[in-house]
Amino acid sequence: MYDKTVRRRRAVLGLLVACSLILLTAYFGETGSGALHGVQRGTSEILNPVQEGASRALKPIRDLFGWFGDTVAAKGQVEELRRERDRLRTEVLDGEVQTADYKRLASLLQLDGALGLKDKGPKTGRVIYQSSTVWYATIRVDKGSDDGVRVGQPVINEEALIGRVTEVFGGSAQVTLITDTTTKVPARAGPRGEFGIVEPASAGNPTDLVMQFTQPGARISRGDRVVTRGTEPEDRQQSLYPVGLPIGHVTHIDNAGTDTQEVHLRPYADMRSLDFVQILTRPRGPRS
């Protein structure tokens, strides 16, 4: 029974193929006005309205599928554009950071050259922590005893003196800033080099220092530069700070001309924005 069915199906298939070949041969062999061409034209006239109606009826469905496809493709493009945007933004930010770092380091080198600090053994480090307390202004840098850093060594940034080393570890060191209430720096002000001691004017104000113990007749004016005094030949103890390190400029004088006059100055360095610093590991000159 199964074999008869298979043979019957094969016979029908062969007959259909043979008929198709005959019809195709006849179709291509006759002229355009032949019977088969007429049948084709008639069939087309009948089916074309049906096809057009079906096409119109299915158009919303095709449009819906097209909309879904376009939406998915658009979402993929948006995600790709976002990734590209984030990558470019990261590159721009990295470039800005590198440019700022380069400018700071270049300024440090310029200050070294201007003040003749190359023989002071400068060690460049980056600030890795900054204290936020009011009474104690300190930072921590990524240079320590392994780099030749010792307690008491002065520290500068690209603008001026910022403080001194007060605690040392193997790979880092703590620096107490000149705005800390415990700091006192011997200094000179103005073209005549008037002597005084610079210390914070008040706790928690990193933009105001005061120079005390100046002579009542000292010729100091607003805008005068204030620098470290350094060590005089007659001094019994050598200063921690080399001579001539910039500190700040005079802003105003309280009780001018009296024994209690106070010379206020604004530090050159912004203590709230410290990044790269230099520790002068040989502040008193190279050792023999």
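Biologist: Okay, buried means under 20% relative accessible area, exposed means over 50%, and partly exposed is in between (1.4 Å probe, protein chains only). What kind of model is this?

Modeller: It's a predicted model, where local features need pLDDT of at least 70 and side-chain atom pairs count only at pLDDT 80 or more, while totals for chains, interfaces and linings use all residues. Residues are numbered from 1 along each chain as its sequence is written, and side-chain values use heavy atoms, leaving out hydrogens and water.

Biologist: Which strands does E12 pair with?

Modeller: E1 (residues 122-130) pairs with E12 over five bridges, antiparallel, and Pro122 stands opposite Leu280. E3 (residues 154-156) is joined to E12 by two bridges, also antiparallel, with Val155 opposite Ile279.

Biologist: Why is E12 called largely enclosed?

Modeller: Because five of the five residues in E12 (residues 276-280) are buried, the strand is largely enclosed by the rest of the structure. Both of its faces are covered: Phe276, Gln278 and Leu280 sit on one side, with Val277 and Ile279 on the other.

Biologist: What's the order of the strands in the barrel with E8?

Modeller: That closed barrel of six strands runs E6-E7-E8-E11-E10-E9, with antiparallel pairing. Its twist averages 45° from one strand to the next. E8 (residues 209-212) is covered on both faces, with Leu209 and Met211 buried on one side and Val210 and Gln212 buried on the other. E7 (residues 194-200) joins E8 through four bridges, and E8 joins E11 (residues 262-267) through three. Met211 in E8 stands opposite Val198 and also opposite Val263 in E11.

Biologist: New topic: which residues have the most contacts inside the largest nonpolar core?

Modeller: Ile139, Ile162, Val198, Val226 and Ile247, in a core of 37 residues. A nonpolar core is a set of buried Ala, Val, Leu, Ile, Met, Phe, Trp, Tyr and Cys residues joined through side-chain atoms within 4.5 Å.

Biologist: Tell me about Val226. Is it buried or exposed?

Modeller: Its relative accessibility is 0%, so Val226 counts as buried. Val226 lies in strand E9. Beyond neighbours within four places in sequence, Val226 is in contact (heavy atoms within 4.5 Å) with residues including Ala187, Val198, Met211, Ile247 and Leu265. Gly196 is 30 residues away along the chain, and its C-alpha atom is 9.7 Å from that of Val226.

Biologist: Which ring does Arg229 lie over?

Modeller: Arg229 lies over the face of Phe195, at 4.4 Å from the ring centre. The rule is that NZ of Lys or CZ of Arg must be within 6 Å of the ring centre and within 35 degrees of the ring normal.

Biologist: Last one: which residues have a positive phi without being glycine?

Modeller: Among them are Phe213, at about 65°, and Asn255, near 55°. Most residues other than glycine have a negative phi. Phe213 is in the loop between E8 and E9, and at 61% relative accessibility it counts as exposed. Asn255 sits in the loop between E10 (246-254) and E11, and counts as partly exposed at 47%.

Methods: Pairing = 2+ DSSP bridges. Axes fitted to C-alpha atoms, helices over the stretch in contact; angles between N-to-C directions.
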